[in-house]
Amino acid sequence: MAAVQQRAVRETPVRSMLSFRIRQNKPREGAALNFYATRTGVFDDRSVATGSLFAACTAMALRVDELQGRVVHLERALQSNRQIGTALGILMARELYTEEHAFDLLREASQRLNRKLADIADEVTVTGLLPHFDRPQH
């Protein structure tokens with residue numbers, strides 16, 4: 001018996017284990033569904049079939065969770081994009097900037113104030129003004 005197995009027998013009540021690999025879309029991340037028993041020889045063909053169903057359901061649940069996370073991320077990105085577009089429109093109308101110049105100012109304010117671009121855009125949509133930041137003289 002391998003040293004790890006001997007230690008497991010010595011330190012835990014586990015005497016049987018049934019393990020299923022959980023398939024995921026992320027090639028570098030692995031997951032498994034493991035079943036343990038305190039007696040030897042308790043897992044049979046029916047256990048394997050039942051475990052396979054649990055593993056498939058677990059894989060689907062993990063995939064749903066991953067997709068829900070993506071949806072939340074995309075919704076946030078869409079909201080940020082709308083905020084930035086609104087801020088650009090305000091700066092363009094108020095200061096008569098081109099779209100490119102207005103975006104450059106938002107980006108520069110974000111970098112110089114060490115704040116997210118979406119936060120700067122949100123402030124512009126609320127106040128109508130770009131937050132003050134020191135610009136280098138050209």
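## A walk around the chain

Among contacts in the chain (heavy atoms within 4.5 Å) between residues at least 6 apart in sequence, 40% join residues at least 24 apart. Before you click on, bear in mind that this is a predicted model, where local features need pLDDT of at least 70, side-chain atom pairs count only at pLDDT 80 or more, and totals for chains, interfaces and linings use all residues. Residues are numbered from 1 along each chain as its sequence is written, and side-chain values use heavy atoms, with hydrogens and water left out.

Start with the cartoon view. You'll find four helices and two strands, in the order α-β-β-α-α-α from the N terminus; helices here are DSSP runs of H or I with at least four residues, strands runs of E with at least two, numbered from the N terminus.

Zoom out next. The C-alpha trace spans about 80 × 30 × 25 Å along its principal axes. Of the 138 residues, 19% count as buried (under 20% relative accessible area; exposed is over 50%, partly exposed in between, with a 1.4 Å probe and protein chains only).

Now select Phe20, Phe35 and Phe54: they form one aromatic cluster. Rings of Phe, Tyr and Trp (its six-membered ring) pair if their centres lie within 6.5 Å; planes under 30 degrees apart are stacked, over 60 edge-to-face, the rest tilted. The whole structure holds two aromatic pairs. In one of them, the rings of Phe20 and Phe35 have centres 6.2 Å apart and planes at 85 degrees, so the pair is edge-to-face. Phe20 lies in strand β1 (residues 16-22) and Phe35 in strand β2 (residues 31-37), so the pair ties together parts 15 residues apart in sequence.

Last stop, the surface: is Phe20 buried or exposed? Phe20 is buried, at 11% relative accessibility, while Phe35 is partly exposed at 26%.
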